[in-house]
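The sequence and structure are shown first.

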Amino acid sequence: KGKCPEDGWDESTIELFLHELAIMDSNNFLGNCGVGEREGRVVSGLVARRHYRLIHGIGRSGDISAVQPKAAGSSLLNKLTNSVVLDVIKLAGVRTVTSCFVVPMATGMSLTLCFLTLRHKRPKAKYIIWPRIDQKSCFKSMITAGFEPVVIENVLEGDELRTDLEAVEAKIKALGAENILCVHSTTSCFAPRVPDRLEELAVICANYDIPHIVNNAYGVQSSKCMHLIQQGARVGRIDAFVQSLDKNFMVPVGGAIIAGFNESFIQEISKMYPGRASASPSLDVLITLLSLGTSGYKKLLKERKEMFSYLSSELKKLADNHNERLLDTPRNPISLAMSLKNLDKTNDAAVTQLGSMLFTRQVSGARVVPCGSVQTVNNYTFKGFMSHANDYPCAYLNAASAVGIKKQDVDVFLKRLDKCLKTFRKEAKQEKSINEISDSNAATEQLED
């Protein structure tokens with residue numbers, strides 16, 4: 001049926017299935033006589049076993065989705081993977097998606113592939129409208145494709161940074177719709193930025209007949225992000241949405257899914273990919289989804305939501321104990337942010353020092369964001385880089401509840417963060433005491449004089 005099984009398969013069943021696929025590839029035929037330049041020859045037995053002897057990759061020289069006659073097993077693997085992944089995207093919330101394919105590139109390059117496909121449809125276009133998100137790969141994806149990003153600064157609503165719809169529409173009118181390749185929006189992001197106003201952006205794109213590409217990097221794991229995409233496609237225009245394999249399905253880095261609501265456009269994107277491609281990302285995600293089944297993946301999504309609530313409540317308690325606060329970002333379903341105002345007052349380096357302290361204490365993934373840092377990316381200068389705004393009111397720390405996180409991860413993180421913050425408070429008190437003694441000595445000397 002080409003769907004993800006409800007109950008996961010055991011490892012021996014999956015291995016038997018993969019071996020059955022592999023013996024359909026010509027490089028594994030007993031009497032095979034290869035006289036071409038690409039015959040699936042592998043000198044290392046370890047490498048052959050690592051890939052289950054599926055050596056030919058996927059696609060043909062002109063189309064990543066095409067069937068290879070001498071690699072029937074690898075071609076079947078590719079078709080099945082795309083079909084199973086489509087089923088899971090529907091299960092995760094985008095019910096009306098019609099087509100998708102796994103591409104052996106991470107999210108940034110997969111976005112570039114989408115932009116390059118649109119180039120042929122809109123030859124005059126040179127601009128991409130991009131509501132700002134301070135993450136380098138999505139910005140560089142536009143530069144690499146040869147387009148000029150038009151950065152739309154976010155608006156501050158409470159603690160949240162949200163899409164400036166008026167600025168988007170004003171920029172479309174100023175540049176001319178025919179000169180704009182697409183609107184490049186984002187769902188999953190670091191707090192205090194929240195997902196873009198996808199429904200409103202989709203309506204604007206439909207009204208001005210401008211394509212709309214969504215960076216849904218780690219949004220498959222969030223029912224809220226997937227709902228935004230579903231609603232955007234229902235009320236307006238979304239041409240494609242791109243998501244990472246590693247972040248959403250816990251496989252090695254190196255693959256993404258390009259999905260959309262118009263099958264012919266998604267096929268155009270797949271045909272834009274030059275040459276054959278590695279089958280490794282497809283193989284990894286197929287093995288993972290067959291082992292989990294829909295019930296296993298649903299369980300992971302449920303646990304992630306529960307851990308988000310737990311992380312949120314516990315981080316709020318810790319923030320209160322240190323006279324900080326958990327920033328109010330209810331529209332961000334994955335990432336949280338805690339202010340570091342008191343730390344920022346101590347000295348300029350204290351905020352970044354906290355990041356180093358956490359990393360050396362084996363806390364990975366926490367982002368510490370100081371105020372006012374400036375960074376240049378491909379000749380574009382961003383003020384307040386990492387905070388998604390020129391002047392966010394305070395320094396802060398990010399933590400995320402992503403799929404696969406455990407209660408132990410949250411508890412250990414909070415314990416180590418608490419210890420680091422106490423160290424800073426102790427140092428601040430000692431410094432204050434030293435300053436008071438110095439001031440007292442200076443006053444005494446003055447009186448004696």
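UniProt positions are given in the numbering used here, and annotations may be inferred rather than shown by experiment. The model is predicted.

## The annotated lysine

An unreviewed UniProt entry annotates K247 as a modified residue, N6-(pyridoxal phosphate)lysine. K247 lies in helix α9, which spans residues 245–249.

Leaving aside residues up to four places away in sequence, K247 is in contact with A217, Y218, Q221 and V403.

## Helix α13

Helix α13 comprises residues 350–360, and its buried residues include A350, V351, L354, M357 and L358. These residues lie on the same side of α13 because they cover an arc of only 110 degrees around the axis.

The exposed residues F359 and T360 are carried by the face turned away from the buried side of α13. Just after the helix, Q362 adopts a positive phi of about 65 degrees.

## Nonpolar cores

The largest nonpolar core contains 79 residues. Those with the most contacts inside this core are I89, V103, F115, F241, F249, I258 and I269. Helix α11 (residues 280–321) gives the most to this core, with 8 residues. At least three residues of the core come from each of domain 1 (11–292) and domain 2 (297–435).

The contacts of I258, not counting residues up to four places away in sequence, include F101, V103, L113, F241 and I269. A second, separate core of 30 residues includes F308, L343, A399 and L417.

Conventions:
Residues are numbered from 1 along each chain as its sequence is written. This is a predicted model: local features need pLDDT of at least 70, side-chain atom pairs count only at pLDDT 80 or more; totals for chains, interfaces and linings use all residues. Side-chain values use heavy atoms; hydrogens and water are left out. Helices (H or I, at least four residues) and strands (E, at least two) are DSSP runs, numbered from the N terminus. Contact means heavy atoms within 4.5 Å. Buried means under 20% relative accessible area, exposed over 50%, partly exposed in between (1.4 Å probe, protein chains only). The arc is that of the directions from the helix axis to the C-beta atoms. A nonpolar core is a set of buried Ala, Val, Leu, Ile, Met, Phe, Trp, Tyr and Cys residues joined through side-chain atoms within 4.5 Å. Domain bounds come from an automatic or database domain assignment.
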